[in-house]
Amino acid sequence: MPINPLRNPSNTRPAIWPLDWRGKSLVVKDYRCNGFLFRNTMGRFLVWREGRALRRLHGLEGIPRFYGSVQGLALIMDAVPGRAVEGLEHEAPLPGSFFEKLRALVNTFHDRGIAHCDLKRAPNILLGQDGAPYIVDWSAAISATEFRPFPLSLLYRRFVLDDLNAVVKLHLKHRPWDVSAQELDRYQRRGPLERAARRIRDRARELLKRLA
């Protein structure tokens, strides 16, 4: 029986395949279905980049376990049973405990020197069947190590702040009464330096998205 993909490929997006391995539910993020030039340039780069981030985050609850790559063109990782948080605010607010765990998870991968860079895309945050948060799609992630030289270090801190603000933005959709005054002030701050950093950030993010 042929296996249907969970997501069909496009010109620049990989196919997502289900995989059952020794009773485990896995997914394969597969660039082998893309065009020859893209898969052998950006596809290989993105597989390497996401695999590197997932290795750094190995063992963290809420991050899919990474099992390795295939021919440098596909990633194998745990399937996350759950659903994207996008639009869930129209059904019922997520509980406060979800956001406590989400903040803890974000702070933990920041402590490991990784910024996700694309948490504002709600499909990248999942509500697991166990009620816990999960974060997927690490192809745009950056590390503190590669952004260590000044002024890249400032840009890295901006992406870390973006990850934190993405949590606040989601929290405001579900439980605005629970958001602290300190977080709200940080989320709404718009000083001259902040605006300049945001412009640089936005250009870098657009580049990362095109690559991802």
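Reader: Is F98 buried or exposed, and how is that decided?
Author: This is a predicted model, and every value discussed here is computed from it. A residue counts as buried when its relative accessible area is under 20%. F98 has 0% relative accessibility, so F98 counts as buried. F99 is buried as well, with a relative accessible area of 0%.

Reader: How do F98 and F99 stand to each other as an aromatic pair?
Author: A pair of aromatic rings is described by the distance of the centres and the angle of the planes. For F98 and F99, the distance is 5.4 Å centre to centre and the angle between the planes is 85 degrees; the pair is edge-to-face.

Reader: How many aromatic pairs does the structure hold?
Author: There are 5 aromatic pairs. One of them is formed by W21 and Y67, with ring centres 6.2 Å apart. Their planes stand at 65 degrees, and an angle over 60 counts as edge-to-face. This pair links distant parts of the chain, for W21 belongs to strand β1 (residues 15-21) and Y67 to strand β3 (residues 66-70), 46 residues apart.

Reader: Are W21 and Y67 buried or partly exposed?
Author: W21 is partly exposed, with a relative accessible area of 39%. Y67 is also classed as partly exposed, at 27% relative accessibility.

Reader: Which residues have the most contacts inside the largest nonpolar core?
Author: The largest nonpolar core has 34 residues, and those with the most contacts inside it are I63, V85, F98, L102, F109, I135 and W138. At least two residues of this core come from each of α1 (36-56), β4 (74-78), α2, β7 and α3 (152-174). Helix α2 gives the most, with 6 residues. A second, separate core has 9 residues, among them A140, F147, L155 and Y156.

Reader: What does I63 touch, apart from residues up to four places away in sequence?
Author: With those set aside, I63 touches L54, L57, L105, F109, I135 and W138.

Reader: How many bridges join β7 to β8?
Author: Strand β7 (residues 125-128) is joined to β8 by 3 bridges, and the two strands run antiparallel. I125 stands opposite I135 in β8.

Reader: Where is N124, and what is it in contact with?
Author: N124 lies in the loop between β6 (114-115) and β7. With 3% relative accessibility, N124 counts as buried. Leaving aside neighbours within four places in sequence, N124 is in contact with H116, D118, Y134, I135, V136 and D137.

Reader: How many disulfides does the structure hold?
Author: A disulfide is a covalent bond between the sulfur atoms of two cysteines. The structure holds 0 disulfides.

Methods
Residues are numbered from 1 along each chain as its sequence is written. This is a predicted model: local features need pLDDT of at least 70, side-chain atom pairs count only at pLDDT 80 or more; totals for chains, interfaces and linings use all residues. Side-chain values use heavy atoms; hydrogens and water are left out. Two strands pair if DSSP finds at least two bridges between them. Helices (H or I, at least four residues) and strands (E, at least two) are DSSP runs, numbered from the N terminus. Rings of Phe, Tyr and Trp (its six-membered ring) pair if their centres lie within 6.5 Å; planes under 30 degrees apart count as stacked, over 60 as edge-to-face and the rest as tilted. Buried means under 20% relative accessible area, exposed over 50%, partly exposed in between (1.4 Å probe, protein chains only). A disulfide is a pair of cysteine sulfur atoms within 2.5 Å. A nonpolar core is a set of buried Ala, Val, Leu, Ile, Met, Phe, Trp, Tyr and Cys residues joined through side-chain atoms within 4.5 Å. Contact means heavy atoms within 4.5 Å.
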